Amino acid sequence: MSANVFGPLTKAFGRIGLLSFGGPAAQIALMHRVIVEEKKWLDERTYLNALSFCMLLPGPEAMQLATYVGWKRAGILGGLLSGLLFVLPGAFVIAVLALSYSIFGARPEAQAVLIGIQATVIMIVLQALYRLSKKSLRSTGLWAVALLSFCAIFLFDLPFPVILILAAIYGAMAQGTPPTTDADNPAALPFSFRQTGFWLVLWLAPLAVLWAMDQTLLFQLGTFFAKLAVVTFGGAYAVLAYMAQEVVTIRGWLSPEQMVDALGLAETTPGPLILVTQFVGMVTGYEYAGVGFALIAGLLTLWMTFVPCFLWIFTFAPHLDRLLARPRLQGALSAISAAVVGVILNLSIWFALHVFFEDVQSHSFGIVSVTWPVLSSVSVPTLLLSALAGLALFWRHHSVLTTLVLTVVAGLGLYHFGVIG
């Protein structure tokens, strides 16, 4: 390919990577404006089909869409270029934030900033829940899937992957098999096992190296984020729900407050929101062995999170039309999206309990386990900051970044007057 292809691709995705604030919806809209309206590299139908395809895949759909556009323009090298340019600016900012957070997070003024961020995160997740439910819950059956998924994780601590598998089975069975015509089934293309095998080996090779070197924590981080990359359908908030269950409750790498801080700080950066995984890896690495280990953990987390995005796109993009023509697959993904709504509702409650109350306890009744706060431990300043964030997001319709700045300034004001700290 000539520089005539790679030059414009670099310029376009360099710009997108630097300006892609605001989560997947804003990033997809920005890409649409640049790729479809300005550059006219894809027409409307191709762009929407590509977006639907990326939403069928595990992992960050916006990053995968960027990779697909680059692949469509300039093959594998174009896909690598566009995908990396979309991710790397945000990854650099996250690295700086994670190290600053680890080193300075205990200072009182830093705590005031973080309280403002935590209060806003509750409203950000509620906003995402509202938008996703409007898009995903289109029938009584899907509402039932969302409710059952919430009960399964909130009351019974059922693992996130199990919930997704059950939802997918229900969705595929409920969809049925409508009659098809030859037009509904595009011709099959040969499957490239060599290319798929290359990306699979490249993705998992660090795990073999870490196992051979007996690097226990890094191996555990790598295997966890590799599993996360496979099972997290439904976007970044689904990733966060699974991480909160595993990283905080099961593995104990982060506290609930650190998990909330991770999302809040990731919301302030360009690039995919799933960069929150890098933040989690770096904070875990710093607490284990300092700055150097944090940087290694961050690079490992980025590798295990984003290399599979290239694997999925380069493996399945040539078969896009055929995949989108399968009704059972569509039914399974619709049910998974509904299940994710229930899981994110659980995440919202979990965040709210740990942000608004200093003392949260778990009560068991047989196989049922319920988390409930000690009401006297409520943090009134945090409630007020969260209400301010809710007014900014839902009433004034400010952006996430503007709302975060507003609540951080308010938090510092409360610290200055001795209300916080």
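## Close-up views of cavities, a pocket and helix pairs

**View 1. The second largest cavity holds about 40 Å³ of space.** This is a predicted model, in which local features need pLDDT of at least 70 and side-chain atom pairs count only at pLDDT 80 or more, while totals for chains, interfaces and linings use all residues. Residues are numbered from 1 along each chain as its sequence is written, and side-chain values use heavy atoms, with hydrogens and water left out. A cavity is a set of points, on a 1 Å grid over the protein atoms alone, where a 1.4 Å probe fits but cannot get out. Its volume is the space filled by probe spheres set on the points, which are joined across faces, edges and corners. By this rule there are 3 cavities of 30 Å³ or more. Lining residues, those with an atom within 4 Å of a point, are Gly-59, Phe-225, Leu-228, Ala-229, Thr-232, Ile-274, Thr-277 and Thr-305 for the second largest cavity. H9 contributes the most to this lining, with 3 residues. Helices (H or I, at least four residues) and strands (E, at least two) are DSSP runs, numbered from the N terminus. The lining has 4 nonpolar, 4 polar and no charged residues. Here Ala, Val, Leu, Ile, Met, Phe, Trp, Tyr, Cys and Pro count as nonpolar, Asp, Glu, Lys and Arg as charged, and the others, Gly among them, as polar.

**View 2. Helix H9 (residues 216–231) packs with helix H12 (residues 276–289).** The angle is about 165° and the axes are 11 Å apart. Axes are lines fitted to C-alpha atoms, for helices over the stretch in contact, and angles run from 0 to 180 degrees between N-to-C directions. H9 is therefore roughly antiparallel to H12; angles over 145 degrees count as roughly antiparallel, under 35 as roughly parallel, 65 to 115 as roughly perpendicular and the rest as oblique. The crossing of H9 and H12 is right-handed, meaning that the near helix is turned clockwise from the far one by less than a right angle. Leu-217, Leu-221, Phe-225 and Leu-228 of H9 make the contact (heavy atoms within 4.5 Å) with Thr-277, Val-280, Gly-281, Thr-284 and Tyr-288 of H12. These divide into 6 nonpolar, 3 polar and no charged residues.

**View 3. Helix H11 (residues 256–266) also packs with H12.** Their axes lie 9 Å apart at an angle of about 135°, so H11 is oblique to H12. The crossing of H11 and H12 is right-handed. Gln-258, Met-259, Ala-262, Leu-263, Leu-265 and Ala-266 in H11 meet Val-276, Phe-279, Val-280, Val-283 and Glu-287 in H12. The contact of H11 with H12 has 9 nonpolar, 1 polar and 1 charged residues.

**View 4. Helix H16 (residues 380–395) crosses helix H17 (residues 400–416).** The two axes come within 10 Å and cross at roughly 150°, so H16 and H17 are roughly antiparallel to each other. The residues in contact include Leu-385 and Leu-388 of H16 and Leu-406 and Ala-410 of H17. By class, this contact has 10 nonpolar, 3 polar and no charged residues.

**View 5. The second largest pocket has a volume of about 370 Å³.** A pocket is an open set of points with protein on both sides within 12 Å along at least five of seven lines. Of its 19 lining residues, Ile-153, Asp-157, Thr-249, Trp-350 and Thr-371 are the closest to its centre. Helix H6 (140–154), helix H10 (236–250), helix H15 (327–356) and strand S2 (368–373) each supply at least two residues of the lining. The lining of this pocket has 11 nonpolar, 7 polar and 1 charged residues.
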